[in-house]
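Let's take a quick tour of one protein model. Have a look at the sequence and the 3D view first, then read on.

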Amino acid sequence: MGFIMRDCLKVLKRLAGCGVLWWFVMGASLLPSITPAEDRYATTIKQAQVELQGNYYVLNAELNYNLSPAAKAALLKGIALTWTVPVILQQQRNYLWDKEILRLTLRYQVQYFALLNVYRVKAEHSGQVNSFTSLAAALNSIALIHALKLVDKTQLPMDQTYQVKLKVGFEREALPIPLRPTAYFDRQWYLSSDWFVFRI
C-alpha cells in the first residue's frame, strides 16, 4: 500500500511541475454545480401567442420570474436587476436560412429604494416607470406582454410560414463590477430563460 501512495505522489508532483494539476483544479472549480431542478432559479416563458388585432399582428405572452435568495438580497441592498426580452419574427425557408422580418427588444430594470420602501420598475424601451410596495407586484408588472404590435398584416403574405422566437435574458453586465465574477459562476445568478419558439 505504501508503494502505491509513493507512486501517486510522484505522479501528482510531475503534474504540478508542468502546470497540468493547477489547470485541472481550476477547471473543476469553475464547473457549475449540479443542483436539483427545484433549486434552479430562472425565468420561464409560460405561454406566448400571436393574434391579429385589426390590421396588426400582436404578441401576448406570460412570463414567470423566479429570483434566487442571492438576487433578492442584492435587490434589498439597492442593486438594480435588468432583463432584456428579444422578440424575433422570422420567415421560415426550406433551403435557405430563415429570413428575419422583425426584431424588437424589451428592457426592464427593477430596483429597491429602502428609504421609500418601494420597488421601482422601469421599462427602458418605453421610458415608463412605476413603483410597487412588494417585490411580487413589481415582478408581476413585467410578467405580462400584452398586445405588443409586431407587423402590419400586409407585410406577411399568407402563403409563407412564420415563427416567433423570444427569451428573457438576465443582464449580468448591468450589475456592479465587483459582483459580476460571482454572477457568471454562481447558479443563483442564472436568471435567464430558454428560447421559446412557436409558429404563426
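## Before we start

Two residues count as being in contact when they have heavy atoms within 4.5 Å of each other. Also keep in mind that this is a predicted model.

Let's begin with an open sheet of 3 strands, which run in the order β1-β2-β7 with antiparallel pairing. The edges are taken by β1 (43-53) and β7; each has a single partner strand, so one side of each has no neighbour in the sheet. On average, neighbouring strands here are turned by 20° against each other, if you ignore direction.

Now zoom in on one pair. Strand β2 (residues 56-65) and β1 are joined in the antiparallel sense over 10 bridges. Within this pairing, Q47 sits opposite E62 in β2.

## K149, out on the surface

Look for K149 in strand β7 (residues 144-152). Is K149 buried or exposed? K149 is exposed, because its relative accessible area is 53% and the cut-off for exposed is over 50%.

Which residues does K149 touch, leaving aside neighbours within four places in sequence? They are Y56, Y57, V58 and L104. K149 and L59 are 90 residues apart in sequence, yet their C-alpha atoms are 6.6 Å apart in space.

## R172, tucked away

Next up is R172, in the loop between β9 (169-170) and α5 (180-185). R172 is buried but has no salt bridge. The nearest side chain of opposite charge belongs to E173, 8.1 Å away.

So who does touch R172? Not counting residues up to four places away in sequence, R172 is in contact with R180, A183, Y184, W189 and Y190.

Note on methods. Residues are numbered from 1 along each chain as its sequence is written. This is a predicted model: local features need pLDDT of at least 70, side-chain atom pairs count only at pLDDT 80 or more; totals for chains, interfaces and linings use all residues. Side-chain values use heavy atoms; hydrogens and water are left out. Helices (H or I, at least four residues) and strands (E, at least two) are DSSP runs, numbered from the N terminus. Buried means under 20% relative accessible area, exposed over 50%, partly exposed in between (1.4 Å probe, protein chains only). Lys and Arg count as positive and Asp and Glu as negative; His and the chain ends are not counted. A salt bridge is a side-chain nitrogen of Lys or Arg within 4 Å of a carboxyl oxygen of Asp or Glu. Two strands pair if DSSP finds at least two bridges between them. Axes are lines fitted to C-alpha atoms, for helices over the stretch in contact, and angles run from 0 to 180 degrees between N-to-C directions.
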